[in-house]
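Here's a quick briefing for anyone meeting this structure for the first time. Have a look at it, then read on.

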Amino acid sequence: MCAAVLTVGLLAAPAQASAAEEQAELRGAAWVLKDTGKEVRFRGLAAVSRTTAWAAGSKGTVLRTVDGGRSWQDVSPPGAVAEGLELRDVEAFDARRAVALSIGEGEASRVLRTEDGGATWTETFRNPDPRAFYDCLTFFDSGHGLAMSDPVDGRFRILSTDDGGRSWRVLPDTGMPQALPGEAGFAASGQCLVSAGPRDVWLATGGGATARVLHSADRGLTWRAAESTVPAGDPARGVFALAFRDRTRGLAVGGDYRTGQASPQAGAVSSDGGRSWRQAAAPPPAYRSGAAWYPYSQGTALAVGPTGTDVTADGGRSWRPLDSGSFDTVDCAPDTGCWASGEKGRVARLERR
């Protein structure tokens, strides 16, 4: 989801622009770093608008800006800071309401919610099962949302809320396919579980013999699994992030997160809601952990990773380099405000030079 302001020009662009038009609009766009004053790694990101964004990361840190990144408020939950929780996902509804997920085995996996811009936080879920490890959150709207855990008893576990994250319940796993040996999700960018529209949700996997994408059309009650073209077969390889433009058009990015390891097939595309996947003809050149569609475009999206940012104007079939800086995740708001975040406190907004 996050990325950066690709271009002010697209604010008034038609809903369906040609690839050539979109490519032209991206010329001159670049990430502009916004000083956060922190050194932690921000793998969780929520773009509310061009001016408002939330970033969540290591050591229980949560930051919020309401002025386009000129200044940042440290709104970290005190308990999360005291325990050094790893906050890997944050979903924000506006400048005041947000839900954050901490990851880890057993009780390290928690959900926290704020309704006052981070001035106070309420813990609304603490994982009681030592076998569960929650990775990602997603919301369909301001009320309905899901979180996912790595497999428990051979199936991915799904947590559900229908009151904006104030309360949660584990869904039955009878509609969840059996997990492959070694299969899991990656808590790398908050994008291993993503939604589009009121009911569709997708879950990305790796670590097994194949990297799969699981789709549910009923808010997590029943799922169908499809093999992606992104290589797996190793605990470090698979699909790390998904992005769906609508309930049919999707992107998958990933690879091998180990430094120096090749990721020759790091991108895939789907045009049928994730039932089938095709390898990108010209994929990102290296491991990518985050992806986001650019609003109002027909085929423009961004992918980020430790070695750079790539952009596509043809729906993910081909990618070209945009930036060489390190980011873990990316998100775009409906007003075309796009943000990226990553290691050493790095947060940036995409702006036109």
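"Buried" here means under 20% relative accessible area, "exposed" means over 50%, and "partly exposed" is in between (1.4 Å probe, protein chains only). C338 counts as buried, at 0% relative accessibility.

This is a predicted model, where local features need pLDDT of at least 70 and side-chain atom pairs count only at pLDDT 80 or more, while totals for chains, interfaces and linings use all residues. Residues are numbered from 1 along each chain as its sequence is written, and side-chain values use heavy atoms, with hydrogens and water left out.

**Disulfides**
- There are two disulfides in the structure, meaning pairs of cysteine sulfur atoms within 2.5 Å.
- C332 and C338 make one of them, at 2.0 Å from S to S, and C332 is buried too, at 13%.
- C136 and C192 are also linked, with their sulfur atoms 2.0 Å apart.
- That link ties together distant parts of the chain, 56 residues apart: C136 sits in strand β10, and C192 in the loop between β13 and β14.
- Strands are DSSP runs (E, at least two residues), numbered from the N terminus.

**An open sheet**
- Four strands line up in the order β18-β19-β20-β21, with antiparallel pairing; strands pair if DSSP finds at least two bridges between them.
- β18 and β21 are at the edges with a single partner strand each, so one side of each has no neighbour in the sheet.
- Seven bridges join β18 to β19, and F244 stands opposite G250 in β19.

**Around R349**
- R349 lies in strand β28 (residues 347-352) and is buried, at 12% relative accessibility.
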